[in-house]
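Subject: Structure for you to look at

Hello,

Here is the structure we talked about, with its sequence. Please open it and keep it beside this email while you read.

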Amino acid sequence: MSDLLRHDVVVVGAGPAGLAAAWAAASRGKRVALLDDNLAAGGQIWHANSEESLPPPAKRWLAKLRKTSCEIFTRTAVVARPSPDKLLAETADGALRFGFDKLVLATGSRELFLPFPGWTLPGVYGLGGLQSLVKSGLSVAGKHIIVAGTGPLLLPAAAFLRQRGAEILCIVEQAPPARIFRFGFRLLSHPSMLATGLALRARLVHVPYDTGWFPVRAEGDGKVTSVTLTNDLRERTYDCDMLACGFGFVPNIELSLLLGCELDRGFVRITDKMETSVPNIFCAGDAAGIGGAEAAIVRGLIAGAAAAGATPAPHLLFSNRRWRRFERRLARIFALRREIHNETGEDTPVCRCEDVTLRNLRRYDSWREAKLQTRIGMGSCQGRICGPACQHLFGWRNDSIRPPVLPARVDTLIEARKKNP
């Protein structure tokens, strides 16, 4: 049986929100454990394979955190909750149990993939996925790449790939021009974001940026060689080597649901102090609302202070309300057009793990029924890719979360069944 590691506050997720929450609690004298399943802290937004390669903001937060007594556990994935005040995690060396008085969930978000013909071809990547691979050593020098999807991260992704030697053929945003204009106007109240956006566009000045367009087809023999785009009135096809495509983000709420936290419009329901519906459990970052690193840090600071028994600073509460309004505007501006769903061919795989096509799913009325009959969501991703796709295609929700919340080794599952120490 694994030893019990007891802490006052356990923070799950070491992205911007988790780092801020851990520091806010530890700087107030609490015994804090920060857990993350990646090789290094930073989360997806500051993703790196080692501390040395982290971006400057992440290094600054880690430096602050190392001045406290906080313990950082990387390559540590929480898979179950064996009792109300304990978590079971899997590491490379075996299972660990973490006991806590207060728990902060900062589990972040992941990319939303929507199926279209050819989306499973080699060479079709998620925006963040391709960037992570490039940071890990994949060369894109000389590659002809299309960047498509929706949201403010299209420009940073294109700029990053171009900096690594790629030729960006075009940047394609599915939101119509009027919405993008409104977004630019709204950024006047966020000067730092506006300056960043203008600087990125200047670096991509000769790259076409088309609004109202989205990918409908990727073709190739063994790998993608061309991508067809549409604005729902006409089509155009580009020869390319890669397609980097992302239709926004969905929150990682599986652990929150396992713990019994209530949702609000797909996100974890929270109070102004980041309290969830479950006593002693707080939530910060993208799982509570997707607004970027700055918003996540604000929420992390509030959650960490509240978990430590302190009253969050008034300016943080004010800032959080401001970010909430910004997030609602973002959601409206970059809401997915219905036409995107209409382009999914009947023989297009929706579940890549179990090879379940759209045609296979048409006859069912719910996620549960389709899962029982087709095995959708039962592959290695456990529905993290096809689940959100089905929600957008059919309105289905996966309301049944059971441990383990991530794929786990047999010995870890055995540990979960043992009597609590």
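A residue is called buried when its relative accessible area is under 20%, exposed when it is over 50%, and partly exposed in between. By that rule Arg236, at 21%, is partly exposed. Please keep in mind that this is a predicted model.

Salt bridges

How many salt bridges does a search of the whole structure find? The total is 18. Arg236 takes part in one of them, where its side chain meets that of Asp210 at 2.1 Å, N to O. Arg236 belongs to strand β14 (residues 235–239) and Asp210 to strand β11 (residues 209–211), so this pair ties together parts that lie 26 residues apart in sequence.

In another salt bridge, the side chains of Arg337 and Glu339 meet at 3.6 Å, N to O. Arg337 is buried, with a relative accessible area of 13%, while Glu339 has 25% and is partly exposed.

Asp411 and Arg409 also form a salt bridge through their side chains, at 3.4 Å, N to O. Asp411 has a relative accessible area of 43% and is partly exposed. Arg409, at 31%, also counts as partly exposed. Elsewhere, salt bridges with shared partners link Arg6, Asp85, Lys86 and Asp101 into one network.

Nonpolar cores

The largest nonpolar core has 72 residues, and the members that touch the most others are Val10, Val12, Leu103 and Leu105. Which helix gives the most to this core? Helix α8 (residues 293–307) does, with 10 residues.

Apart from its neighbours within four places in sequence, Val12 is in contact with Leu35, Val78, Leu87, Leu103, Val104, Leu105, Ala106, Thr107 and Leu255. There is also a second, separate core of 28 residues, and its members include Leu114, Ala148, Val216 and Phe247.

Helix α4

Is helix α4 largely enclosed or largely open? Of its 10 residues (154–163), 7 are buried, so the rest of the structure largely encloses this helix. The buried residues are Leu154, Leu155, Ala157, Ala158, Ala159, Phe160 and Leu161. They pack against α3 (127–135), β9 (144–149), β10 (167–173), α6 (191–203), β11 and β15 (242–246). Just after α4 comes Gly165, which takes a positive phi of about 100°.

An α-helix has 3.6 residues a turn, so residues three or four places apart point the same way.

Strand β14 is part of an open sheet of 3 strands, in the order β12-β13-β14, with antiparallel pairing. β12 (214–219) and β14 stand at the edges and have a single partner strand each, so one side of each is left without a neighbour in the sheet. From one strand to the next, the twist averages 25°.

How many bridges join β13 (residues 226–230) to β14? There are 5, and the two strands run antiparallel. For one example, find Val227: its bridge partner in β14 is Tyr238.

Best wishes

Terms used
Residues are numbered from 1 along each chain as its sequence is written. This is a predicted model: local features need pLDDT of at least 70, side-chain atom pairs count only at pLDDT 80 or more; totals for chains, interfaces and linings use all residues. Side-chain values use heavy atoms; hydrogens and water are left out. A nonpolar core is a set of buried Ala, Val, Leu, Ile, Met, Phe, Trp, Tyr and Cys residues joined through side-chain atoms within 4.5 Å. Buried means under 20% relative accessible area, exposed over 50%, partly exposed in between (1.4 Å probe, protein chains only). Helices (H or I, at least four residues) and strands (E, at least two) are DSSP runs, numbered from the N terminus. Contact means heavy atoms within 4.5 Å. A salt bridge is a side-chain nitrogen of Lys or Arg within 4 Å of a carboxyl oxygen of Asp or Glu. Two strands pair if DSSP finds at least two bridges between them. Axes are lines fitted to C-alpha atoms, for helices over the stretch in contact, and angles run from 0 to 180 degrees between N-to-C directions.
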